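Welcome! Take a look at the model shown here, and then we will walk through some of its features together.

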Amino acid sequence: MAVAAFTWTEFAQQLAAGIREGAIYAGLALALVIIYRSTRVINFAQGELATFTTFIAWSLMNHGLSFWSAFPIVLAIAFTGGVAIERILIRPVENASVLTIVIITLGLALLLNGLMSIIWGGQNRQFHGPFSTRTIDVGGVPISVQDIGIVVTSLALVALLALFFRYTKLGLAMRAAAVNPASSRLVGVRVSWMLALGWGIAAVLGAVAGMMIAPVVFLDPNMMQTILLYAFAAAVLGGLDSPLGAVVGGILLGVTITLLGRYVEFIGSTLKLPAALLLILVLLLVRPGGLFGKVAVRRV
Amino acid sequence: MKLKLVLEILGFVALAVLVAVMPSFVSDFHSREFAIVGMYFIALLGLGVLTGYSGQISLGHGAFMAIGGYTTAILSVDGISGHPVRDIWTIPIAGVVAGLAGLLVGVPALRLSGLYLALITFGIAVSFPQLPKKFGGFLGGTSGQILNLVKAPFGLDLTPNDWIYYLTWGIALVLLAVAWWLLRGPTGRALQAIRDSEVAAASSGINLAFYKTLAFGISAFYAGVAGALYAMASAYVNPDTFPIILSIYLVVGLAVGGLGSLAGLIAGAALIYFLQNHADTVARWVNHLPAVDLNPKQPGISSAIFGAVLILVMLLLPTGAGGLLRKVFRPLTTRLYTRS
């Protein structure tokens, strides 16, 4: 298979597609980072949670709601669900080993995946997004409105979160609980509830990522599985404890992988994921903390 | 401590006798089912050495099983320079190839702690099925490779299912003994020291790099052997023979069997097989609960029940079946071990 001739227009389109992919990875990676910072655990159920809430959105829209009226309802459900999961499943094992909590999130992923097949069936479903797929001319390059909409929505959400963490008392309390639980408890922060809030926010981020990507790919119970892996890679790339790193890592990874898949013939579409993993493996060997992360130095 | 050794040896002999007489009491098809349980048991032993003893999490052991399975497929069909290798001799080779792959993964693993390792190994599990698709000429592509049907060699009068049963459990018992012997000695103590505190282990003069890589190699060897047997029993390998979810199921089996317990892993292996193939039976049990009405044949039931069991086990029984056994027998064993 010969690679078609290189044109700058196509390159710009690939770049735009890469940024769109990257925005989705960034949203999900940020969700992973928020949970990681507070509990030191990777939530393997993040992808299935996102797909589950997207299915709820699909059902609501099937009952006649428009996308933007279903949107806040779904976010509220996602938030409540995230908090509930933390309270019911994670709270009892808060002080258990990392492996125990990782296994519980794996169990949750399997459970949710099964429930989705049971409730909605395993077939692909068309999800009508809020943005049209027609293209507009941006500086001579045709780019779809949908791509622009996805990037703007995702980044707006990230910016909103940044403001929340930076300028509200609750945001400050959440950051404090993540950085130093013992001292935060002494000054009156309810650390355990901050963790639950973190899960709620992560679930909201996942729901938005799911609803944004569903119109691009088809909606089915396994929709988020590969995307979650790229999000893992993005989070690791940026440094697991850096929210800024997750966003930068997501966009960087989306662009790199899209361009590699398009222009390096050997990688093509089949070896994209292995290529992404090789990339982060090499990065971790050189910089164990990721691009923006800090390496923990322990005093003995 | 002598008494503990005697008890453990007696337990092993009892297990060996049970394994030997089992096929006379069950049907040919059940022999096959038990054989597959044995394969999961072998893979779990390997994972137990790695995660249970050295504390390194691997979510990619399905990939090492796949490496073993593909090695057996290629050697027994295409062979070495056109000479097909008899299937049972491919088993140790498959183990060694997978073991070498494990050593290769073990080296970067030295620099990756806990979760990073879990992510990278998970990535390996997800990436592996892409390789046969890319290198179709060599690995059979998506359509896969057909192996020769297994047949009892040396003129043994056994049905293929009985043969694969005895072969699997024979190997499983040997590998169980090897793992037990390895872990009760200096190697096991070194691994557990690393699991409990790397810093403390290193300051006591334990070579972290050596032992952590070794644990990965051994563990992958076990998985490779299990994969080779699985390929022989299925007589077929393709990317779906060793799906991504297999790696997760193995972790489930390990958690249920109990970290740091070898015999408990049989329970974990049985659970993996049972939930994978008989989830409809579990659904029928669940239907006895009030206000529950599940269709046992519906897709997704198996996965949902797997997940629910996993969560329940971790919440209610964090030490797994092995831990439960220890708790039940504690009054007895404390009396035996305490010198009066």
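Which residues do ring pairs link into a cluster? They are A:Phe67, A:Trp68, A:Phe71, A:Phe127 and A:Phe131. Rings of Phe, Tyr and Trp (its six-membered ring) pair here if their centres lie within 6.5 Å; planes under 30 degrees apart count as stacked, over 60 as edge-to-face and the rest as tilted.

## How to read this model

This is a predicted model, where local features need pLDDT of at least 70, side-chain atom pairs count only at pLDDT 80 or more, and totals for chains, interfaces and linings use all residues. Residues are numbered from 1 along each chain as its sequence is written, chains are lettered from A and ligands numbered from 1 in the order in which they are written, and side-chain values use heavy atoms, leaving out hydrogens and water.

The model scores ipTM 0.80 and pTM 0.82. Chain B has a mean pLDDT (the predictor's confidence in each residue, from 0 to 100) of 78, with 81% of its residues at 70 or more. Where pLDDT is low, the predicted coordinates should not be read in detail.

## Chain A as a whole

Chain A has 11 helices and two strands; helices (H or I, at least four residues) and strands (E, at least two) are DSSP runs, numbered from the N terminus. Along the sequence their pattern is α-α-α-α-β-β-α-α-α-α-α-α-α. The radius of gyration of chain A is 19 Å, close to the 19 Å that the globule rule gives for 300 residues, so chain A is as compact as a globular protein of that length. This radius is taken over C-alpha atoms, and the rule is 2.2 Å times the number of residues to the power 0.38.

Of the 300 residues of chain A, 57% count as buried. Buried means under 20% relative accessible area, exposed over 50%, and partly exposed in between (1.4 Å probe, protein chains only).

## A closer look at A:Phe127

A:Phe127 sits in the loop between α4 (98-120) and β1 (135-138) of chain A, and is buried, with a relative accessible area of 2%. Not counting residues up to four places away in sequence, A:Phe127 touches several residues, including A:Trp58, A:Phe67 and A:Met211; contact means heavy atoms within 4.5 Å. The C-alpha atoms of A:Phe127 and A:Met211 are separated by 8.4 Å, although these residues are 84 apart along the chain.

## Ring pairs in chain B

Over all chains, the count comes to 19 aromatic pairs. B:Phe210 and B:Tyr211 form an edge-to-face pair, because their ring centres are 5.1 Å apart and their planes stand at 80 degrees. B:Phe210 is partly exposed at 46% relative accessibility, whereas B:Tyr211 is buried at 18%.

B:Tyr230 and B:Phe242 make a tilted pair, 5.8 Å centre to centre with 55 degrees between the planes. B:Tyr230 belongs to helix α11 of chain B and B:Phe242 to the loop between β2 (236-237) and α12 (244-257), so this pair ties together parts 12 residues apart in sequence. Both B:Tyr230 and B:Phe242 are buried.
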